[in-house]
Every structure is written in structure tokens, then in C-alpha cells.
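This briefing goes through selected local features of one protein model, grouped by topic. Please read it alongside the sequence and the coordinates.

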Amino acid sequence: MKKSLLLVTLAAAVAALSGCSDSEGSSSGGNESGATKIYWVASDYTTGELRAAVDTVETALALEVYQDSKVVSFDGAVFVLERMGADNVVRIDPETDEVLYQESLGAGANPYALVKADKGVGLATLFGADKVVFLDLATGKAKKSVDVSRFAADSGFANPSAALAVGDRIYVTLERMDANFAPDSNGMLLVFDGKKQTLVDSVELHCVDPIALAESKGRLLVACKGSSVYGAAPDYAETSNNDGSLVAVDLSDMAVAELADEAALKAKPSQLVSDGSNVWVGLYRSYGDEVVAKATIGDSKATFETVAGVVNAFGGIDAEGDLLVVGDQDYAGSGVRTFKKGKAGAVFGDADGDPAPISVAILK
């Protein structure tokens, strides 16, 4: 590791926090020319690093983070969610790539997602604590938490996971795992008022393991990964229960409709991202085999066109404008792959010995 999170935090804390008033920051990432900046977490699940690239050039950033972390960006701000075992939210200054703060979310919190709730306020889902917490983005400290354990699966958990802000509403999926961590047959969606910081609605999705969200033309898209059974050691052979699906929720009346099922897709929808006009879906086919497809969303069904050149998108996807970024964990050569208007572009983090990407984010 080239940079210690603790050392950077101690060095930058006083100056950084004094100038950090809310979530509204520069979107240039230290680049006044309007260049695009990409972040990713590289990890071998023993150690992890936050890395970055600007346009086609990888920067020198190699900031030590927890080995299981996610990077997210909105309003010109960058955050790292250090997951189960660390349970922190870390804010990064995109101008300097130094740490503004590292704040604990509580032992076992296992933060899954962070989105903007209101000016200077974020909403984080705590997968391991069955809570949603509203954070002061200037400090990372909790302003209010909402217990969602009443929506738990029988003898299990609620597991709030994906979150998406649309207007002043925030939508949160509940994966609802039982005591053996198998998903319940009825995933759910919660609706929060971002300004009032209150839960205002709950929706039964009637799908298994809702794990990702995107918005498209007045509808909320939900990737429901479904479930599998696994064989004995040493290979733990996976057999799908063929219950994955892509569903749509009409935001005008919260009606739920299925757009595609696992049998038709021959894959489990596992990731979703929208750039405002295009929708991209991660399609998990088997361990080590997860492609990305561009989705065309119709009234009652969706069609998919696979992106050439992606082997295993388990390392995450993000999109902005005409740029798609994929964390490809290809065993033959992992790296962060970029696609501009559908054409393959620069690849980052693919040098010999580089750990694979596990999360990617475009500075937004």
C-alpha cells in the first residue's frame, strides 16, 4: 500500500473539515478542463486501495482502504463505504484525493449504499444493522436513523441494500435474508422522504433478492438476482433456482410489473445503472461470468444487447453521459474497462500484479 488512510486522515483533517460545509463540491476532480475522473477500489480481499484515473491516464493515487469497500460519487463528492468488519464511511476530497473524514457507522453496520437525501444530507443503507441512516455529509455523523427490522424475513433480516434518489424521494430495496442467508421469495421496496427524513411507503416487489436500482422514464427498475443452491466442497457447484427477474415500478402509482425473467435472459440481473438515457444491466450467468448489456425498456418487456469485451463485471458498473465504466474481474486479465459511445476505450488497473477492481464510480 502506498498511502495509509490513517496517516492521510491525520494530516488532512483540520484543513479539510474547515472548508467542508455540505455535499456540494467541485465536479472537476482537480481538473478545470472538464476532464472525466474515475475511481475504483482494487482489492485481493486481504488489502484494498482506492485508485483513480483522469481521462485516459491513471493517477498515482493508491490510498489504503478496507479490503471490502465500495466507492460512490454524487454532487462532486466522493465517498468510500468500508463494509462488514470496518463499517465506516470515508469522504475523499476529489481535488486532492486526501481523506476529509473516516466516520464509524457502528459495529456490524455493513454499509451498502449512500445517496443524496437533501442539501448536505445523505442516506446510507446499513445492510447488517437493518437500519437506514441519514448522515451529515460534512462530518459523516448520523443525524437520524430509521429501524427497518419490522420488514424482516421470517426468522431473518430486512437487509436494506440498494438506494436511489429520484426527486425528493429515496427508494431502498430490502433483500430480506433468512437465518441461513437465503433470500425470501418476496423482496420489498421502501420509500423515504429525503427532506423530512421519514419512511413514507413500502411496496411488495414479489421478486427474489432485489439488489440494484435505476430510474428510466418515470419508472423504477429493480434487478432481482434470485437464488441458487450450492453443492459441497471443494467446488460448491451452483445450481440456479431460476427465480431472478428485472421488474419495473411505476412511480406514479407504485404498480409492479415484470419486464424479463431469468429463464428468458439465461442470466440473473445483478447490477443496474442509468446515465439518463441509457440503461445498463449486469447479467450474472455463473461464478466468474457476468456480462453487461444495454437494455431497451418497453412498456411490458425489455430487450438486451451485450457489450463486447466484458468477461466478469462483478467489479461493478457505472455510467455518465456517453461513458460506461466496468470493473472486469476477468481471470485472464482484470481491469477497469471504459466504453465511450459503445466503443472500447482505456483500461486501468490492469498491470501485472494489480488486484482486481471490486467497485467503480465516475466522479459526478
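**Strand pairing**

Strand E27 (residues 317–320) pairs with strand E28 (residues 323–328) in the antiparallel sense, over 4 bridges. The model is predicted. The points below start with this pair and go on to an open sheet, aromatic pairs, charges over rings, one arginine and some backbone details.

- Ala319 stands opposite Leu324 in E28.
- E27 and E28 form a hairpin with 2 residues between them, and Gly321 in the turn has a positive phi of about 60°.

**Open sheet**

- Four strands in the order E17-E18-E21-E22 make up an open sheet, and their pairing is antiparallel.
- Its edge strands, each pairing on one side only, are strand E17 (210–216) and strand E22 (256–261).
- From one strand to the next, the twist averages 25°.
- Within this order, strand E21 (residues 245–250) and E22 pair in the antiparallel sense over 5 bridges.
- Ser245 has Asp261 in E22 as its bridge partner.

**Aromatic pairs**

- The count of aromatic pairs comes to 5.
- One of them is the stacked pair of Trp40 and Phe348, with 5.9 Å centre to centre and 15° between the planes.
- Trp40 lies in strand E1 (residues 37–43) and Phe348 in strand E30 (residues 343–348), so this pair ties together parts that are 308 residues apart in sequence.
- Both partners are buried: the relative accessible area is 1% for Trp40 and 2% for Phe348.
- Phe134 and Phe192 form an edge-to-face pair, because their planes are at 70° and their ring centres lie 6.4 Å apart.
- Phe134 belongs to strand E11 (residues 131–136) and Phe192 to strand E15 (residues 188–193), so the pair ties together parts that are 58 residues apart in sequence.
- Phe134 is buried, with a relative accessible area of 0%, and Phe192 also counts as buried at 0% relative accessibility.

**Charges over rings**

- Lys70 has its charged end over the ring of Tyr112, 4.0 Å from the ring centre.
- The charged end of Lys225 sits over the ring of Tyr284, and here the distance from the centre is 4.4 Å.

**Arg51**

- Arg51 is placed in strand E2 (residues 48–54) and counts as buried, at 10% relative accessibility.
- Its side chain makes a polar contact of 2.8 Å with the side chain of Glu49.
- Leaving aside residues up to four places away in sequence, Arg51 touches Ile38, Tyr39, Trp40, Ala42, Glu58, Leu61, Asp354 and Pro355.
- Trp40, one of the residues touched by Arg51, is the one stacked with Phe348.

**Backbone details in loops**

- Most residues other than glycine have a negative phi, and most peptide bonds are trans.
- The peptide bond from Ala233 to Pro234 is cis, with omega near 10°.
- Pro234 is in the loop between strand E19 (228–230) and strand E20 (238–240).
- Gln197 is not a glycine, yet has a positive phi of about 60°.
- The loop between E15 and strand E16 (198–204) holds Gln197, which counts as buried at 14% relative accessibility.
- Lys217, another residue other than glycine, has a positive phi near 50°.
- Lys217 is found in the loop between E17 and strand E18 (219–224), and at 78% relative accessibility Lys217 counts as exposed.

Key
Residues are numbered from 1 along each chain as its sequence is written. This is a predicted model: local features need pLDDT of at least 70, side-chain atom pairs count only at pLDDT 80 or more; totals for chains, interfaces and linings use all residues. Side-chain values use heavy atoms; hydrogens and water are left out. Rings of Phe, Tyr and Trp (its six-membered ring) pair if their centres lie within 6.5 Å; planes under 30 degrees apart count as stacked, over 60 as edge-to-face and the rest as tilted. Buried means under 20% relative accessible area, exposed over 50%, partly exposed in between (1.4 Å probe, protein chains only). A charge sits over a ring if NZ of Lys or CZ of Arg is within 6 Å of the ring centre and within 35 degrees of the ring normal. Two strands pair if DSSP finds at least two bridges between them. Axes are lines fitted to C-alpha atoms, for helices over the stretch in contact, and angles run from 0 to 180 degrees between N-to-C directions. A polar contact is a pair of N or O atoms within 3.5 Å; within protein, one must be able to donate a hydrogen and the other to accept it, and residues adjacent in sequence count only if both atoms are side-chain atoms. Contact means heavy atoms within 4.5 Å.
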